[in-house]
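Colleague: May we go through this model together? I would like to begin with the terms.
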Amino acid sequence: MTANKAAALKERHDQRFINKETQTSAKYLRRLEELTGAPEGMEAFYDTLKRIYVDMQNADAEPGQKTIGTYCVMVPQELVYASGAMPVKLCSGNYTAFSVGDDITPRDACPLVKAVAGFKQTGLMPLYENCSMMVVPITCDCKKKITGMLSGSCDLMTMHIPAMRDDDDIDNYTDQLYELMARLEDVTGNRITYDTLSEGFRKVGYAQYELSEFIRLKKETPYLIRGSHAMAILNSSSYMDAEKWGKALHRVNRSLKKRSKQGQTVTSKKLPRILLTGSPTVFPNMKIPLLIEEMGGIVAGDETCMGERGMWDPAVITDDSFDGMMRALANRALRPCPCPTFADNSQRIFRLKQLIKDNEIQGVIYHVLRGCLVYDFEYKRIEEELGKLGIPVIRLESDYNEEDVEQLRIRIEAFIELIKLRQAPEKRTAVRKSF
Ligand code: SF4
Ligand code: SF4
């Protein structure tokens, strides 16, 4: 094949990839927009998801500001902001990139990692291509092996995530954060100082404060917002500056408070309240929350790391020296994280029970991405614990394609019907006005 022919062939393949990727993302965005009851102020989050996945542009960094790709919530955003750069989360939920990655990774690798491999292979996604550095915490075998595929494309740093969370582990993680600090300084050319780190804490702290308000409002019954809309808001935090995201969330919070005052709710019906937990739910792979809400349930709680877990726990500074702040970041990254990557995870059970109580959950959907062993391993224990509370739970395995949608729909519908049958006859507070 001549060079010209090869170039034309590649161009056609690339265009096909772009068309498919943008169509799928636009379809899921449309489904989110068409779901009734979205509060005022959602545009900023829809625009962000559209910008990244439909328009295929870079994250909304300031002119000249570098972006640093991260692959887990255990990389502290505060430190990245302190270097003057913007963190972006690169865990992927993309079906089109998955289909490319599927051909170059082992069959049993998880789809999230296959999608990342697919994007790297095509070189077409600005979010990935424009990163000045990527930080990959080694939390599972899939993450470990993906680093080999990513290396060479840009500056890459791996971080060792301990199996336990003893004081020695925190010391070790703090040392790794100092190493990350030095790497960030090299990449950005900026020094991280006490003042810039404090500013990083302030920025992230503001977003976390608005998130805590949002979570408080989200708990209200009758419901002020649907879980799928909440997940779109939380997903977009991966691609927005923390302060801009916090301000956009402030507008949503204002609209939710208005709803609460005026007695407006997303639906007049008493919908089965479901908690979604398990493997990460990354846009555009929103099929499970959307199916739950399209089939008549409501995602009242979400314990996934692209959701509430990602920003929930603030770093607590007990010693306000520079080292104290670094230790606070290490503590926050590891100690409260309920990710099953840790050996002992009684914390996750505790967190799930707390979410069930706080959100009056009636059933739990445990989502496992095919090949995600760390989450699958914990299912049995969680099923047993929830069984003791009389909370029904189902395990749903899914992949990054639409072939399993009908099967998922049938199972979710049956689960929702089961909850309706078990629903106690007592009525919830009267619903005053609904959309
Ligand atoms: S599932 Fe666990 S390892 Fe994966 S990104 Fe989330 S917190 Fe990190
Ligand atoms: S934790 Fe699960 S979803 Fe995340 S990279 Fe590992 S195997 Fe994939």
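Modeller: Ala, Val, Leu, Ile, Met, Phe, Trp, Tyr, Cys and Pro count as nonpolar, Asp, Glu, Lys and Arg as charged, and the others, Gly among them, as polar. This is a predicted model, in which local features need pLDDT of at least 70, side-chain atom pairs count only at pLDDT 80 or more, and totals for chains, interfaces and linings use all residues. Residues are numbered from 1 along each chain as its sequence is written, and chains are lettered from A and ligands numbered from 1 in the order in which they are written.

Colleague: Which residues come nearest to ligand 2?
Modeller: Of the 13 around ligand 2, the nearest are Cys110, Leu112, Cys140, Cys142 and Cys372.

Colleague: And what surrounds ligand 1?
Modeller: Its surroundings include Cys72, Cys91, Cys305, Cys337 and Cys339, together with Val73 and Thr139. By class, 8 residues of this shell are nonpolar, 2 are polar and none is charged.

Colleague: Turning to helices, how do α9 and α11 cross?
Modeller: The axes of α9 (residues 194-218) and α11 (residues 242-262) come within 9 Å and cross at roughly 20°. Therefore α9 is roughly parallel to α11, a term for angles under 35 degrees. Helices here are DSSP runs (H or I, at least four residues), numbered from the N terminus. Axes are lines fitted to C-alpha atoms over the stretch in contact, with angles from 0 to 180 degrees between N-to-C directions.

Notes: A residue is near a molecule or strand if its C-beta atom, placed from the backbone, lies within 6 Å of it. Helices (H or I, at least four residues) and strands (E, at least two) are DSSP runs, numbered from the N terminus. Angles under 35 degrees count as roughly parallel, over 145 as roughly antiparallel, 65 to 115 as roughly perpendicular and the rest as oblique.
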